[in-house]
Amino acid sequence: MHPLHGTPFVILSLSTRMARWGLVIVGIYGVIAVFTPILVALGWLPDANAGLANPIYAPPTFEHWCGTDRLGRDVCIRTMAGSGVALQVVLLAVGVALLVGVPLGMVSGYLGGAVDRVLVLLMDTLYTLPVLLLSVVLAFLLGKGIPNAAAALCVVYVPQYFRVVRNQTAQVKSELFVEAARTLGAGPLWILRRYLFRNVITSVPVLLTLNAADAVLVLGGLGFLGLGLPETVPEWGGDLNLALAAVPTGVWWTALFPGLAMFILVLGLSFLGEGIEAWVSGAENQPTSN
């Protein structure tokens, strides 16, 4: 067999492994996010904000696997609870950005004209702004809270979905099946929903996972700057900010475990996104057999 004949298989195999590892990592975080509040409510795990009875800055032991922070709170419990908070904010932000950006991109790419020019100008203006800077400004204006943090992240990612979907819609609308539907009297809404949506949505899952990975980092940056969530809500970036002063004194555990949790989740989402992208590209480029 020629070496090139095995290339699509190698790409597909690698993308499958990456997607599987990413799915496993994200699934573990999802399980932790779902069951941690339940176990806390049942009393099997301590509350993430309870720490007055514990020693402060206690190193990892069998009683406190990840040690305690400056208020005596269990670092392991706060890290686990932070998984649910991160996934909640990220899914809310990326989901709303998806619901806003995709329809706007389809409408802009299909109608063209003045509507397209205005929307492209608006989205390009938002897209040129640095992600973290725009998120910081919006978080400062909106205030702390899960809905506010999600809204600050949502505005950042709407232009990305808009640009991808708008460009694909502008290409697909000139296809023969769209022209045939238009000739038969189909209206714009019917064409967008029946013919264009399925053809322009293929690249959105890849962008969705990559944006989710980026949103975890941006949320952590907002929390580190004190602009993300209230102090009573366990959040990795906020815990890293509190741990910053203790690291030079040898208290490493308060920064290690939240930072490691953030890194692994971003790695899992990146694996999932890159795996899906490579799998889609490999499936499209794989020659069909007669």
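Helix α4 keeps L134, S135, V136, L138 and A139 buried, where buried means under 20% relative accessible area, against over 50% for exposed and partly exposed in between (1.4 Å probe, protein chains only). Helices here are DSSP runs of H or I with at least four residues, numbered from the N terminus. This is a predicted model, in which local features need pLDDT of at least 70 and side-chain atom pairs count only at pLDDT 80 or more, while totals for chains, interfaces and linings use all residues. Residues are numbered from 1 along each chain as its sequence is written, and side-chain values use heavy atoms, with hydrogens and water left out.

The buried residues of α4 pack against α3 (113-128), α5 (146-172) and α8 (204-224), with contact taken as heavy atoms within 4.5 Å. Just past the helix, G143 takes a positive phi of about 95 degrees.

Next comes R78, which sits in helix α2. Despite being an arginine, R78 counts as buried, at 3% relative accessibility. Its side chain makes a polar contact with the side chain of D239 at 3.0 Å; a polar contact is a pair of N or O atoms within 3.5 Å, where within protein one must be able to donate a hydrogen and the other to accept it, and residues adjacent in sequence count only if both atoms are side-chain atoms. Setting aside neighbours within four places in sequence, R78 also touches residues including E231, V233, P234 and E235.

D239 belongs to helix α9 (residues 236-243), where W236, G237, G238 and A243 are buried along with it. At the start of α9, a side-chain oxygen of E235 comes to within 3.0 Å of the backbone nitrogen of G237.

A58 lies in the loop between α1 (7-41) and α2 (75-111) and is buried at 12% relative accessibility. Beyond four places in sequence, A58 touches G67, T68 and W253.

As for cysteines, a search of the whole structure turns up 0 disulfides, a disulfide being a pair of cysteine sulfur atoms within 2.5 Å. C76 is in none, and the nearest cysteine sulfur, that of C66, is 3.7 Å away. C76 is buried at 15% relative accessibility, and C154 is buried too, at 10%.

Notes:
Helix = DSSP H or I, 4+ residues; strand = E, 2+ residues; numbered from the N terminus.
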